[in-house]
Amino acid sequence: MTIININIPVRIIDSIKDYAKIIQDVVKMNISFDILKFSTTPKGITLIIDVPSEKVSQINEAFKKEGIIVERKSTVCVDNELCIDCGACISLCPTGALHLKNNDELEFTKEKCIGCLICLDSCPRSAIKET
Amino acid sequence: MTKTYEEINKKIENGEAVVVTAEEMINIVEQKGIKVAAEEIDVVTTGTFGAMCSSGAFLNFGDSDPPIKFEHLWLNGVHAYHGNAAVDCYIGVTRMNDKSPFEYGGGHVIEDLVSEKPIHLRGTSYTTDCYPKEEVDTYITLDDLNQAILCNPRNAYQRYNCAVNSSNRTLYTYMGKLLPNFGNATFSGAGCLNPLCNDPDYETIGIGTRIFLGGGIGYVIGEGTQHNPTKRLGSLFVKGNLKQMSANYLKGVNFEKYGTSIYIGLGIPIPILNENMARKTSIKDEDIKTEIVDYGIPRRKKPVLKEVNYKELKSGTIEIKGKKVKVSSLSSLFMARKIANELKIWIEKGKFFLNPPAERLPRETVFKPMKEVKTQKFVKDIKKQAIICHLNDSINNVARKIIEENENHVAIIDDDGILKGIVTSFDITRAIAENKKVLSEIITKKVITTTDDEPIDIAARKMRVNNINGLPVIDKYMRVIGLITSEELLLK
């Protein structure tokens with residue numbers, strides 16, 4: 001699965017019906033996906049979705065036709081050489097991808113990372129990097 | 001039953017001393033009782049590994065030829081303190097590199113020195129008859145220095161706050177990144193492994209106590225600055241020879257938008273001289289309490305939300321106002337355990353001996369706030385009347401008010417008098433340029449505000465950080481009760 005970031009600018013969405021239509025278009029392509037994050041801002045709607053890797057380009061093209069911005073969402077990685085197992089990142093991680101093993105050692109489970117990047121600037125050793 | 005330092009050291013010398021970590025001691029006392037534990041256990045080791053911002057190192061470079069008396073000097077671009085003899089300096093860990101601040105600082109210089117990396121030394125002088133050299137530009141390593149002494153006026157705090165943020169924006173603090181609306185919580189300290197928690201009355205930890213410092217041997221040389229024993233917030237002044245230390249236990253760090261520091265590994269052995277010390281070293285995480293403090297209020301006295309203990313903190317979740325909040329540590333428990341174990345091995349192998357303190361640390365002193373001779377001014381002291389318009393007003397109306405009142409900021413309210421936005425003269429100009437007619441289209445809805453009792457320094461920082469010139473003053477119901485602009489701050 002691949003995590004992608006979809007930005008739907010406000011001019012495209014007038015009502016929730018428009019949003020539903022866009023989702024329906026994706027459903028028509030017979031693609032199942034998980035919505036990891038849904039947020040609305042004055043600039044529009046941001047969706048972070050987890051889609052089957054082989055369907056990424058298909059989704060990409062469908063959305064681009066509608067004027068929707070699709071980006072491959074990055075995740076993070078932890079440089080174990082730099083990490084000092086302090087845990088400054090852990091309380092910031094919404095999914096538990098960053099957690100303690102044996103109650104004291106930092107462990108990063110990449111599969112759980114949704115690429116929110118909240119942790120990125122929290123590491124005092126700059127051990128967390130975007131990939 | 002009591003033991004002396006001499007008896008314990010004799011056992012260490014013979015390889016017979018029974019040494020356990022402070023975590024192991026809890027189970028031993030639980031299973032065998034205090035009396036048996038006091039008889040069987042000779043030494044309990046402790047450890048902590050966290051940010052210790054007061055730290056730094058005294059370095060002596062030896063004389064150049066011709067000799068130089070430094071006026072200013074930099075180590076890898078980090079300005080070192082020089083107000084002592086010709087070629088001595090103190091490199092402080094929070095001092096940041098002139099060109100890349102918030103990335104590299106004094107803490108990183110110390111880590112690099114201990115890692116045997118070459119360090120760029122640049123220094124300048126005003127020159128004297130005895131010190132004629134004007135400038136030095138060279139590379140040095142730890143080996144090239146005569147003395148390199150880690151000297152930290154305040155380390156190993158007994159316990160520390162748990163930090164949260166009630167405000168509506170993300171804060172970057174020395175307690176790490178704090179998400180808005182109590183989005184997360186951070187704490188520091190190793191709880192039951194923390195050195196001073198195992199000797200809370202400073203009976204065995206005092207001036208002269210030999211300790212594990214940065215992977216080498218160090219000494220307690222006094223009470224730490226801000227030592228606050230009456231509140232169980234003691235701290236230690238420590239020193240040690242950097243040349244014996246290891247970069248595994250000295251790590252330069254940078255906290256985003258806060259600055260640089262260093263993480264230091266520190267461990268102290270507690271001799272089990274009697275049942276009293278056996279009881280004290282069996283302290284559990286749940287017995288060590290601290291407070292959840294709101295860093296959303298940037299004042300000296302921050303609101304305390306509630307008490308919490310280290311068992312709850314180490315569990316990963318705490319409850320705040322009925323909501324579960326993720327909590328994590330800034331100091332490393334993994335490293336604290338490693339240090340307590342390392343010290344245990346040193347003692348078991350007869351490489352480290354215990355000594356009684358030459359003098360005990362103060363137990364009655366209090367920590368005072370700064371004396372300020374100028375009285376603090378608050379927003380209410382300098383605010384002016386706000387120009388207010390209603391959401392339904394026309395842009396023309398707002399423009400007229402701006403001219404009539406000669407004021408750049410207009411607060412926009414609804415029928416209930418609640419602040420809904422702000423409009424500046426620039427917004428009006430842009431509205432004309434873009435041919436906008438409706439007020440709601442041009443107002444800034446996300447308004448940065450202040451309150452009557454906010455110190456003016458905080459209001460000034462809000463303007464600076466957000467690059468704005470005015471803040472509406474609001475009451476607790478979000479009603480506009482005034483305005484403060486950069487003009488008032490200049491005239492204060």
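This is a predicted model: local features need pLDDT of at least 70, side-chain atom pairs count only at pLDDT 80 or more; totals for chains, interfaces and linings use all residues.
## A briefing on chains A and B

Thr2(A) stands opposite Val51(A), a residue of strand 3 of chain A.

- Strand 1 (residues 2–9) and strand 3 (residues 44–51) of chain A run antiparallel and are joined by 8 bridges.
- These strands belong to an open sheet of 4 strands in chain A, which has the order 2-3-1-4 and antiparallel pairing.
- Strand 2 (34–41) and strand 4 (69–72) of chain A are the edge strands, each pairing on one side only.
- On average, neighbouring strands of this sheet are turned by 15 degrees against each other, direction ignored.

**Helices on the sheet**
- Helix 1 (residues 16–28) of chain A lies across strand 1, strand 2 and strand 3 of chain A, and runs at about 20 degrees to strand 3.
- Helix 2 (residues 56–65) of chain A also packs on the sheet, where it touches strand 1, strand 3 and strand 4; its direction makes about 5 degrees with that of strand 1 of chain A.

- Chain B has 12 helices and 31 strands, and its C-alpha trace spans about 95 × 70 × 40 Å along the principal axes.
- Of the 492 residues in chain B, 50% are buried.
- Among contacts in chain B with a separation of 6 or more, 68% come from residues 24 or more positions apart.

**Chain B: surface and charge**
- Chain B carries 65 positive and 62 negative side chains, and the centres of the two sets lie 4 Å apart.

Note on methods. Residues are numbered from 1 along each chain as its sequence is written. Chains are lettered from A and ligands numbered from 1 in the order in which they are written. Side-chain values use heavy atoms; hydrogens and water are left out. Helices (H or I, at least four residues) and strands (E, at least two) are DSSP runs, numbered from the N terminus. Buried means under 20% relative accessible area, exposed over 50%, partly exposed in between (1.4 Å probe, protein chains only). Contact means heavy atoms within 4.5 Å. Lys and Arg count as positive and Asp and Glu as negative; His and the chain ends are not counted. The place of a charge is taken as NZ of Lys, CZ of Arg, CG of Asp or CD of Glu. Two strands pair if DSSP finds at least two bridges between them. Axes are lines fitted to C-alpha atoms, for helices over the stretch in contact, and angles run from 0 to 180 degrees between N-to-C directions.
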